[in-house]
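Here is a note to read with the structure open beside you. Take the points in order, and find each residue as it comes up.

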Amino acid sequence: MATGQNVDFPPIQNGMDYLISVMDGLSGDPSPRALKYAVLHLQAATEVLLKARLIAHDWRQVFRNPDKTDLSQFQRGNFQSCSMAETIERLGSKAGVAVSPEEKGHITHLSHQRNRLQHFGLTEPTAAIKSRTALVLDFLLDFVHIHLRSGLSGSDLEHVDAQMQTVRSGLNRVKALVDTRLARIQPELDKVAECTVQCPACGRWAMTMAEGEATCRFCGVPWPPEHAAEEYAAEFLGLNHYLVATDGAELPTRCCPECGLEALVRGAHTAADEAGSVALCFGCGERFNRLRGCIRCGELIDRDATDTQVCDSCWEHALFRD
């Protein structure tokens, strides 16, 4: 770098530069290191660009506490900013910029990936990372075009448009790879649509259950049934054991009346009926339309299979005791 040269990255250009780095990392046959930085830089781009739009509405809203702000601190960047979840909420409630639940889910998943990389490391298939990356990139390009571009002019507008074209071209290549693989496996998925759900790793409707294992036919991740059920409930239904302990929320997983595994998720959405919901076991793939809790222990009983109000375990215990 030449002596006296400044590092100058205004927020939107900074965010777009991160996206260029993401596309560089995804090009060709990326190495694990390239994919790592693609995830890290995509999360950084998402945060910068969403907060840039919030700042355009009101710079105070980007503070963790908007009631305690200081312009000089903001101008120096010396303050604690709001979280990604708070940014999305404020974009909707304060700036009128809505982020759909599905888009928020993709962003949240990306944030979790970034946190694991930063603090614990990450092990995921290349196909899963590329798939998730394409979903977030798709959102960001629309976000920049609809919500940020209109506030630019002159060289700033020309610069961002050129960067957007580069990112869009790269994204089209990634999406083409994803679409080609999806088209190849779709006939298989159509046969098992009633027990096919979105994969927590890649986000595609390609996780199926068979022979005591949940497997994504797109990214290839094999899941132990209990783990698959917990990850699915957390990722797509917002259910986890922390919420059970703090807010009394519904348990994310229950014991399956058919196979006995703690892998049953109530309210799951399948490829056969994406808008509807069903109780689905991520171990045996069994679907249940009518369930009731055992009057003694609360374990679930399939009402279509029996009229009894007591589960088999409690029934056997009562017989043995007597």
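1. Start with Cys281. In this predicted model, Cys281 has a relative accessible area of 0%, so this cysteine is buried. Its sulfur lies 3.6 Å from the closest cysteine sulfur, that of Cys259. The cut-off for the sulfur pair is 2.5 Å. The sulfurs of Cys281 and Cys259 are therefore too far from each other for a bond.

2. Now look at Cys256. Relative accessibility here is 2%, so Cys256 is buried. How many disulfides does the structure hold? The count is zero. Cys256 is accordingly in no disulfide, and the nearest cysteine sulfur, in Cys281, is 3.6 Å away.

3. Turn to charged pairs. Side chains of opposite charge can pair when their charged atoms come close. The search of the whole structure gives eight salt bridges. One of them joins Arg132 to Glu235, at 3.0 Å from N to O. Where do the partners sit? Arg132 belongs to helix H6 (residues 126-148), and Glu235 to helix H8 (residues 225-237). They are 103 residues apart, so this pair links distant parts of the chain. Arg132 is buried, because its relative accessible area is 3%, and the limit for that class is under 20%.

4. The side chains of Lys175 and Asp138 meet with 3.5 Å between N and O. Lys175 is in helix H7 (residues 154-191), while Asp138 is in helix H6. These two are 37 residues apart, and the pair again links distant parts of the chain.

5. One more salt bridge deserves a look. Asp58 pairs with Arg60, and their closest N and O atoms are 3.3 Å apart. Arg60 has 38% relative accessibility, so this arginine is partly exposed.

6. Next, a pair of helices. Two packed helices are described by the angle between their axes and the distance between the axes. Helix H2 (residues 32-57) packs against helix H4 (residues 84-93) at an angle of about 35°. Their axes are 10 Å apart. The crossing of H2 and H4 is left-handed.

7. Which residues make this contact? H2 brings Gln43, Thr46, Glu47, Leu50, Lys51, Arg53 and Leu54. H4 brings Met84, Thr87, Ile88, Arg90 and Leu91. Sorted by class, the contact of H2 with H4 has five nonpolar, three polar and four charged residues.

8. Pick out Thr87 from that list. Thr87 lies in helix H4. Its relative accessible area is 0%, so Thr87 is buried. What does Thr87 touch, not counting residues up to four places away in sequence? The answer is Leu50, Lys51, Leu54 and Cys82. Leu50, Lys51 and Leu54 are also among the H2 residues that meet H4.

9. Pro225 is in helix H8. Relative accessibility is 7%, so Pro225 counts as buried. Leaving aside neighbours within four places in sequence, Pro225 is in contact with Gly212, Glu213, Leu261, Ala263, Phe282 and Gly283. Take Phe282 from that list. Pro225 and Phe282 are 57 residues apart along the chain, yet their C-alpha atoms are separated by 5.1 Å.

10. Thr196 is found in strand E1 (residues 196-198). At 1% relative accessibility, this threonine is buried. Beyond residues up to four places away in sequence, Thr196 touches Leu189, Trp205, Ala206, Met207, Thr208, His269, Thr270 and Ala271.

11. Finish with the whole protein. The secondary structure comes to ten helices and nine strands. The C-alpha atoms fill a box of roughly 90 × 50 × 35 Å along the principal axes. Of the 322 residues, 40% are buried. Among contacts with a separation of 6 or more, 53% join residues 24 or more positions apart.

Note on methods: Residues are numbered from 1 along each chain as its sequence is written. This is a predicted model: local features need pLDDT of at least 70, side-chain atom pairs count only at pLDDT 80 or more; totals for chains, interfaces and linings use all residues. Side-chain values use heavy atoms; hydrogens and water are left out. Axes are lines fitted to C-alpha atoms, for helices over the stretch in contact, and angles run from 0 to 180 degrees between N-to-C directions. Helices (H or I, at least four residues) and strands (E, at least two) are DSSP runs, numbered from the N terminus. A crossing is left-handed if the near helix is turned anticlockwise from the far one by less than a right angle, and right-handed if clockwise. Contact means heavy atoms within 4.5 Å. Ala, Val, Leu, Ile, Met, Phe, Trp, Tyr, Cys and Pro count as nonpolar, Asp, Glu, Lys and Arg as charged, and the others, Gly among them, as polar. Buried means under 20% relative accessible area, exposed over 50%, partly exposed in between (1.4 Å probe, protein chains only). A salt bridge is a side-chain nitrogen of Lys or Arg within 4 Å of a carboxyl oxygen of Asp or Glu.
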